[in-house]
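User: Could you take me through a few features of this structure? I would like to begin with how helices pass one another.
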Amino acid sequence: MDTARISRFVSDLWDAEIVPQLMDYIRIPNKSPMFDKDWVAHGHMDAAVKLMETWAHTKLPSLPGATLEVVRLEGRTPLIYIEVPGQNDDTVVLYGHLDKQPEMTGWSEGLGPWTPVLKGDKLYGRGGADDGYAIFGSLAALLALQEQGIPHARCVIMIEACEESGSYDLPYYVDHLAPRIGNPSLVVCLDSGCGNYEQLWLTTSLRGMTGGELTVQVLDEGVHSGDASGVVPSSFRILRDLLSRLEDPETGRIKPKELYAEIPAQRIDQAKAAAGVLGKEIYSKFPFVEGMHPVTEDLTELVLNRTWRPQLAVTGADGLPPLESAGNVLRPKTSVKLSLRVPPTLDGAKAGDFVKGLLEKDPPYGAKVSFKLEKDGSGWNAPQLSPWLEDAVTKASEQYFGKPAAYMGEGGSIPFMGMLGAKFPQAQFLITGVLGPHSNAHGPNEFIHIPTGKRVSMVVADVVARHFEQGKRG
């Protein structure tokens with residue numbers, strides 16, 4: 001394998017075709033179904049699928065025997081399914097998604113979620129890094145191998161359109177396609193993060209997630225606050241009280257022991273190593289306001305907090321009028337959207353049921369309290385890397401990044417990983433991505449760091465080739 005030739009091929013393809021395709025993709029507001037209930041009527045998801053399908057079809061003739069199908073199960077988001085024949089009977093699955101998070105406010109002047117802007121090595125706009133590049137990077141890797149005649153196993157590329165909503169459609173597709181997917185020995189996922197842009201980062205674990213809408217209602221309609229305050233308890237105060245059952249308001253620590261899991265010793269060691277590599281970049285990558293500091297100065301604890309410990313975020317609110325319209329009224333109800341990250345090895349469904357029971361039981365003052373569960377996905381803890389894969393990623397990182405690979409858990413969730421881990425317990429997993437410092441997925445000013453996208457594509461090509469060689473050795 002001529003690694004310099006791999007580098008040139010992939011880099012040239014990114015510059016000539018992939019970056020322009022990503023710019024067109026960013027322009028499409030194909031929000032995930034949770035954020036666009038009328039996604040079918042709006043047609044944006046189909047437009048994103050069509051863009052990727054059209055480009056992929058131009059490349060498939062260079063991959064002999066390759067096929068592409070847009071699979072559409074009744075009432076579900078579509079899925080792009082590509083098969084590329086290999087030179088043995090083994091299978092590699094390459095996964096990504098194409099649906100996007102909503103717009104979010106706070107974009108810098110000249111930037112916007114649906115406005116692609118190329119500044120130096122960064123392409124700004126929603127979805128390029130999370131995770132629109134996945135289909136392009138996966139095919140670039142396979143095309144680079146084909147260009148040199150390097151053999152590889154049969155490859156299956158799956159691009160879903162429901163990940164940002166919890167991948168609730170994906171199990172149906174995995175079951176529907178199971179005879180065609182086969183029994184993969186390697187799963188590659190490009191939807192994860194990287195601690196920096198200087199080396200390859202492998203994701204060792206992903207937190208699970210549960211959450212939903214918590215509503216507290218005290219009245220049938222709003223009343224004069226001067227008349228009712230002191231008599232009618234505020235829905236906001238009751239809501240604060242309920243949240244304190246879950247989270248310590250002073251420290252942010254989640255209180256119930258039922259929402260914790262034991263952290264494996266290896267993951268603690270890896271957290272210490274990652275903290276040593278990243279230093280203060282662990283927290284300096286976030287846009288803190290002046291004078292603000294992280295919850296602790298202990299860098300290892302910060303890594304463990306965001307990868308193995310439960311954490312709560314309030315991501316939205318309802319029942320609160322805008323400030324300019326906020327009269328002296330004791331409001332009838334308050335609702336908040338809760339997002340609770342849970343440890344990788346905790347059962348997400350059980351965690352959701354526990355939280356629902358915790359928040360709804362014994363409501364203060366007899367208020368009407370409801371918690372509508374929306375998400376209950378379990379996390380994922382990677383199996384130990386086999387020696388061949390550990391060696392492959394080490395060499396690939398040195399070759400294409402110039403530094404050794406690093407290992408760290410991620411605080412986000414990729415439901416597909418837990419699903420595949422359960423279905424294929426013998427498979428090896430290469431989970432990586434381009435979401436590094438300041439890339440700000442889900443927030444304003446999201447960008448993809450193009451050189452990292454290129455290098456990750458090169459790494460995938462290299463590892464898929466080494467996977468084939470390992471297969472020959474049995």
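Analyst: A definition comes before the example. A crossing is left-handed if the near helix is turned anticlockwise from the far one by less than a right angle, and right-handed if clockwise. In this predicted model, helix 1 passes helix 3 in a right-handed crossing.

User: At what angle do helix 1 and helix 3 cross?
Analyst: The axes of helix 1 (residues 3–26) and helix 3 (residues 44–59) cross at roughly 160 degrees and come within 10 Å. Angles over 145 degrees count as roughly antiparallel, so helix 1 is roughly antiparallel to helix 3.

User: Which residues make the contact?
Analyst: Helix 1 contributes L13, E17, I18, Q21, D24 and Y25, while helix 3 contributes A48, L51, M52, W55 and K59. Of these contact residues, seven are nonpolar, one is polar and three are charged.

User: Changing topic: what is the strand order in the open sheet of three strands?
Analyst: The order is 4-5-18, and the pairing is antiparallel. From one strand to the next, the twist averages 20 degrees.

User: How many bridges join strand 4 and strand 5?
Analyst: Three bridges join strand 4 to strand 5 (residues 122–124) in the antiparallel sense. K119 stands opposite K122 in strand 5.

User: And which helix lies across these strands?
Analyst: Helix 14 (residues 450–473) lies across strand 4, strand 5 and strand 18, and runs at about 55 degrees to strand 18.

Note on methods. Residues are numbered from 1 along each chain as its sequence is written. This is a predicted model: local features need pLDDT of at least 70, side-chain atom pairs count only at pLDDT 80 or more; totals for chains, interfaces and linings use all residues. Side-chain values use heavy atoms; hydrogens and water are left out. Two strands pair if DSSP finds at least two bridges between them. Helices (H or I, at least four residues) and strands (E, at least two) are DSSP runs, numbered from the N terminus. Axes are lines fitted to C-alpha atoms, for helices over the stretch in contact, and angles run from 0 to 180 degrees between N-to-C directions. Contact means heavy atoms within 4.5 Å. Angles under 35 degrees count as roughly parallel, over 145 as roughly antiparallel, 65 to 115 as roughly perpendicular and the rest as oblique. Ala, Val, Leu, Ile, Met, Phe, Trp, Tyr, Cys and Pro count as nonpolar, Asp, Glu, Lys and Arg as charged, and the others, Gly among them, as polar.
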